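Visitor: I'm new to this structure. Could you walk me through how to read it?

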Amino acid sequence: MVGSGCTGAMAAATLIEGGGGARVLMLDAGERDDRYAGILPSGDFVSVRTTDREQYRYFLGEDFEGVPWGKVGTGAQLTPPRRHLVRKVPELLPLESDSFFPLESLAYGGLGAGWGLGCCAYSDAELRAAGLPPEAMRAAYQWVADRIGISGERDDAAQYTIAHLERVLPPIEMDANAAHLHASYLRRRRRVHAAGFRMGRTALALLTRAVGERGAYAYRDMDFYDDRGQSAYRPWMTVDELRKRENFLYRNNVLVTRFEEMPDAVRVHGIDTAAGEAVSHVCRRLVLAPGVLGSARIVVRSFDRKPELPILCNPYCYLACIQPALLGAPARGRRVGFSQLSLFHDPTGSNFDVAMASIYSYRSLMLFRIVREAPIALSDAYPIMRYLAPALTLVGIHHPDARGGRRSLRLEPCAASPTADVLRADFSLSEDAERKLRDRERRFTRVMRSLGAYRIRRVDPGHGSSIHYAGTLPFDSGDSGDKPFTLRPGGRLSGSARVYVADGSGFRYLPAKGVTLSLMANARLTALSALRDA
Amino acid sequence: MAPDSATTDLEQGVAFGRYLLGEPPSQDALRLFARAAATLPPLDQREARLVAFLLQNRWAIGPVDAALALMRPASPVRGRIFLMLAVLECLPEYVPRFLPATRSPFEHVRMAGHALRALGRALLGMVVLTIASRA
């Protein structure tokens with residue numbers, strides 16, 4: 001198993017718990033936060049702000065690395081205690097592009113260590129378009145949901161999120177910002193529906209009741225800084241559990257670079273990221289789950305031919321809106337860092353080609369991050385932003401992505417890189433797709449305005465900023481089964497007998513709905529397929 | 001050109017802190033700002049000259065900051081004022097300035113005042129910035 005993120009964790013758990021005595025070795029770079037975990041306080045955001053004289057250490061960073069200056073880009077929300085997610089990425093996963101700015105991670109738990117926890121199950125139409133089997137995915141969604149714990153509400157948005165799931169925990173309590181918007185939606189529900197929108201509580205991989213060693217969400221509003229209480233699911237929790245098993249071995253400081261398939265085994269090559277030396281391991285079956293771009297690198301390196309690979313990525317932007325009724329409201333009440341509401345645009349009612357907005361209130365990322373965006377003197381900007389902040393509603397809009405436009409990944413030689421190569425990426429949308437996207441954003445703006453939230457700014461962090469990637473090794477259900485650089489249904493690499501890809505590389509279509517739950521469900525299916533083939 | 005040293009970091013801290021707060025910043029704020037500023041790359045000649053101008057003409061910090069926000073928002077000089085703001089936000093003594101506990105009925109009026117002042121500063125700042133850049 002390569003990678004400890006959401007997909008690696010679910011695939012490994014499936015292999016370990018699937019019976020048959022599988023022994024799993026997980027190879028992982030495994031970067032951890034060894035700097036901030038010990039100094040993060042147990043208190044809530046407001047008490048920390050008013051009492052802790054050392055708060056700058058985790059809000060700004062020991063080296064002040066959390067004070068952003070310059071253009072807002074992918075991962076701008078990473079706080080100092082979460083910055084280990086991207087540690088060593090520029091050196092070990094070099095990527096060059098003028099048009100695509102993805103976020104990758106070498107962390108223990110992968111990008112899942114900073115996941116926003118949003119959970120959406122794809123509709124049957126979306127699953128089929130992605131190349132995934134609806135019935136098997138439904139069962140896998142439930143298996144994942146039972147494992148990670150999902151809270152949500154069976155409301156207007158449930159058809160896009162948790163409709164088919166059983167055993168869902170009650171949703172978290174909304175803060176004043178979300179509650180005001182939700183009340184407005186309930187009053188204008190019919191008009192919003194007529195415009196093709198549905199709003200509801202965001203389903204989250206967040207416990208609202210204690211389960212086992214994991215506690216219920218404590219409303220500390222420190223969600224961007226720590227995992228205290230473990231109410232928020234992180235894949236490292238699953239890997240930690242697996243590491244207690246005799247048939248599971250975890251090895252960190254390994255960056256897997258390529259594999260060689262032999263008649264009865266696979267030799268996996270990598271680099272020891274601490275010592276800089278080459279390492280190799282032999283296994284009977286190899287399951288790749290280092291993330292879509294990581295899998296692309298490993299697979300391409302493992303063959304003589306170096307093709308251009310496709311890529312899918314949800315176009316993303318966010319709207320900063322103001323709810324005037326909340327201007328100047330006290331900023332010391334309860335706040336939640338996670339998305340509390342979701343807004344879906346499904347004009348045909350088909351649950352296909354749906355655009356999704358995750359809606360956030362703003363506080364614990366600190367005022368200074370939004371003050372810098374104001375085009376006025378900072379001494380005027382911060383009192384104005386303090387006044388605006390309780391009323392500020394951030395609407396992050398994801399659009400579905402199908403192929404089209406100009407997009408490609410190529411692995412090119414680069415002597416300066418430890419892996420002797422660099423991934424070059426191009427990404428653009430077709431003119432039609434751009435037009436549709438703008439039209440949808442205007443519709444989102446209009447519906448938010450009808451709910452009393454007025455757009456003051458649109459921010460486009462660039463392609464790649466959605467952090468949802470897929471489609472580099474698309475599923476191929478053709479009969480020949482050996483079309484290179486594609487996956488067979490079940491996740492086996494075409495032309496290979498022993499190599500599987502358990503992340504989103506196979507998806508042929510990327511719905512706008514949060515991808516992580518579907519990635520985890522697909523990882524389970526891939527692991528089951530590997531077990532069946534064994 | 002003024003040297004970009006620890007001494008000027010401290011001077012900058014005093015000047016930028018007073019500009020942001022309307023009163024001298026605490027010793028903790030100055031200490032933290034000096035530590036944070038030491039992590040920044042040195043200013044180039046143009047920006048160092050602008051900082052020297054602002055330290056000699058502290059009344060000009062607001063107008064120049066306002067002009068930079070419009071004309072050169074990524075200016076490292078504005079970045080240093082921003083750094084001081086981030087430092088102040090993380091000190092408990094200044095929390096009420098960033099996290100209000102009550103809603104004041106005069107808040108709307110105060111905000112209108114800030115907006116008007118921001119406009120005036122920007123207009124003045126564009127003139128000052130042009131003069132300071134040529135000096």
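Predicted model: local features only at pLDDT ≥ 70, side-chain atom pairs only at ≥ 80, totals over all residues.

Visitor: How many helices and strands does chain A have?

Guide: Chain A has 14 helices and 18 strands. Its radius of gyration is 22 Å, close to the 24 Å that the globule rule gives for 534 residues, so chain A is as compact as a globular protein of that length. Along the principal axes, the C-alpha atoms fill a box of roughly 70 × 55 × 45 Å.

Visitor: What share of the residues in chain A is buried?

Guide: A residue counts as buried if 20 or more other C-beta atoms lie within 10 Å of its own. Buried residues make up 54% of the 534 in chain A.

Visitor: Now for a single helix. How do I read one?

Guide: An α-helix has 3.6 residues a turn, so residues three or four places apart point the same way. Take α1 of chain A, residues 6-17: it has 12 residues and reaches 16 Å from its first C-alpha to its last, close to the 16 Å expected at 1.5 Å a residue.

Visitor: Why is α1(A) described as largely enclosed by the rest of the structure?

Guide: Because 11 of its 12 residues are buried. Among them are A:Cys6, A:Gly8, A:Met10 and A:Leu15.

Visitor: What follows α1(A)?

Guide: A:Gly19 does, and its phi is positive, near 75°.

How values were computed. Residues numbered from 1 in each chain as written. Chains lettered and ligands numbered in written order. Helix = DSSP H or I, 4+ residues; strand = E, 2+ residues; numbered from the N terminus. Expected span 1.5 Å × (residues − 1). Rg over C-alpha atoms; globule rule 2.2 N^0.38 Å.
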